[in-house]
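Please read it alongside the sequence and the coordinates.

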Amino acid sequence: MTTTKNWPLWEVFVRSKNGLEHRHFGSLHAADADMALENARDVYTRRNEGVSIWVVESKNITASNPEHNGEMFEPAKDKVYRHPTFYELPDEVKYM
Amino acid sequence: MKKSLYNYILGIADNSLILGQRIGELCGHGPSLETDIACTNISLDLLGQVRSYYQYAAKIAGDGRTEDDIAMLRKEREYVNVLLVEQPNTDFAYTMARHFLFDEYHLLFLTELKKSKDMTLAAIATKCIKEVRYHQRFSSDWIRRLGDGTEESQNRMQAAIDDLWTYTDELFHQTDADKAMVSEGIGVDVTKLKNAYYEKVNTVLEESTLTIPESKYFQKGGKMGIHTEHMGFLLAELQYMQRTYPNMEW
């Protein structure tokens with residue numbers, strides 16, 4: 001077991017109800033995955049916000065570099081035809 | 001019968017009230033933000049549970065007193081919680097050891113109370129048991145972490161267990177109200193929980209590489225209203241608002 005003075009950071013994903021995807025809720029500190037789950041339960045679902053929790057240690061997430069936002073994201077901005085906005089959505093489709 | 005049932009309910013409720021107050025003292029003072037919230041959650045669970053018990057007790061007493069009067073306005077000698085739950089939050093190991101030693105009992109107790117002939121008590125037990133299962137999971141987890149952790153954490157957890165062990169036997173003492181309610185099929189025979197309790201506790205202690213205390217000398221008194229020196233201070237804080245501003249509400 002490695003002993004570090006501070007607990008590592010974990011990212012918390014919560015599924016609010018069945019049928020929805022897990023969403024990022026926030027982060028917290030915990031010594032290991034089990035503790036991270038328990039802490040997430042207390043910090044993020046104490047008002048009945050969820051039915052399922054994922055935790056992942058923050059260092060395992062590879063994030064895009066904000067400096068590269070130009071080439072990463074801007075080319076998509078002027079391509080409206082990539083959005084499915086030219087279709088009528090039936091009322092029954094709730095989560096789109 | 002009415003008097004016995006009333007006293008019996010207080011015997012259950014006072015344990016959770018006093019433990020809830022104790023663990024609630026960590027609000028804003030927990031060792032980390034996450035454990036602080038967890039402890040405060042547990043405190044709120046316990047205080048929520050006692051509302052059901054005291055409401056029921058108030059109904060049975062039928063003398064105009066409310067749940068708040070019963071919870072907040074008794075004198076020290078009138079509280080019948082076990083000595084274990086009033087012990088102070090000496091350090092986090094101590095706090096978790098105290099909780100764990102009560103949680104294992106609480107789970108066994110509620111499992112039996114669910115079968116009570118008294119429908120109200122059975123319903124309260126059914127509602128509480130899920131919460132208490134989580135409390136036991138949380139506290140036993142910390143026994144393992146600190147027991148099987150660093151030299152420092154193990155020393156502290158062992159000291160806490162050794163210290164609090166003397167208060168465990170009282171959990172299984174029967175009061176007059178207990179005996180009366182057991183014979184009515186309403187109460188739980190706590191003497192029958194003892195073996196299962198020590199089995200469960202000892203298993204967790206062994207998993208945590210802790211030594212099971214051998215002491216055979218046990219403290220008692222709480223169930224008869226005779227408390228340790230810590231109780232007065234706890235009640236002073238618990239009752240402050242009602243004593244200072246009688247009948248205040250929010």
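Of the 80 residues in the largest nonpolar core, those that touch the most other members are Ile9(B), Ala13(B), Tyr53(B), Ala57(B), Leu84(B) and Ala97(B). A nonpolar core is here a set of buried Ala, Val, Leu, Ile, Met, Phe, Trp, Tyr and Cys residues joined through C-beta atoms within 7 Å. A residue is buried if 20 or more other C-beta atoms lie within 10 Å of its own, exposed if 12 or fewer, and partly exposed in between, with C-beta atoms placed from the backbone. The model is predicted: local features need pLDDT of at least 70 and side-chain atom pairs pLDDT 80 or more, whereas totals for chains, interfaces and linings use all residues. Residues are numbered from 1 along each chain as its sequence is written, and chains are lettered from A and ligands numbered from 1 in the order in which they are written.

Apart from neighbours within four places in sequence, Ile9(B) is in contact (C-beta atoms, placed from the backbone, within 7 Å) with Tyr53(B), Tyr56(B) and Ala57(B).

Helices (H or I, at least four residues) and strands (E, at least two) are DSSP runs, numbered from the N terminus. In helix 7 of chain B, the buried residues are Arg156(B), Met157(B), Gln158(B), Ala160(B), Ile161(B) and Leu164(B). The helices of chain B against which these buried residues pack are listed below.

| Helix of chain B | Residues |
|---|---|
| helix 4 | 83-86 |
| helix 5 | 92-113 |
| helix 6 | 119-147 |
| helix 9 | 194-207 |

Elsewhere in chain B, Leu235(B) is found in helix 10 (residues 230-244). Leu235(B) counts as buried because it has 20 C-beta neighbours inside 10 Å. The C-alpha atoms of Leu235(B) and Trp250(B) are separated by 20 Å, the two residues being 15 apart along the chain.

Chain A contains an open sheet of 3 strands in the order 2-1-3, with antiparallel pairing. Strand 2 and strand 3 (52-57) are at the edges with a single partner strand each, so one side of each is left without a neighbour in the sheet. Strand 1 (residues 9-15) and strand 2 of chain A pair in the antiparallel sense over 7 bridges, where pairing requires at least two DSSP bridges. The bridge partner of Glu11(A) in strand 2 is Ser27(A).

The contact between the chains takes 9 residues from chain A and 7 residues from chain B. On the side of chain A that touches chain B, strand 2 (22-29) and helix 1 (33-44) are the elements that give two or more residues. Helix 1 of chain A gives the most, with 4 residues.

Key. Two residues are in contact if their C-beta atoms, placed from the backbone, lie within 7 Å.
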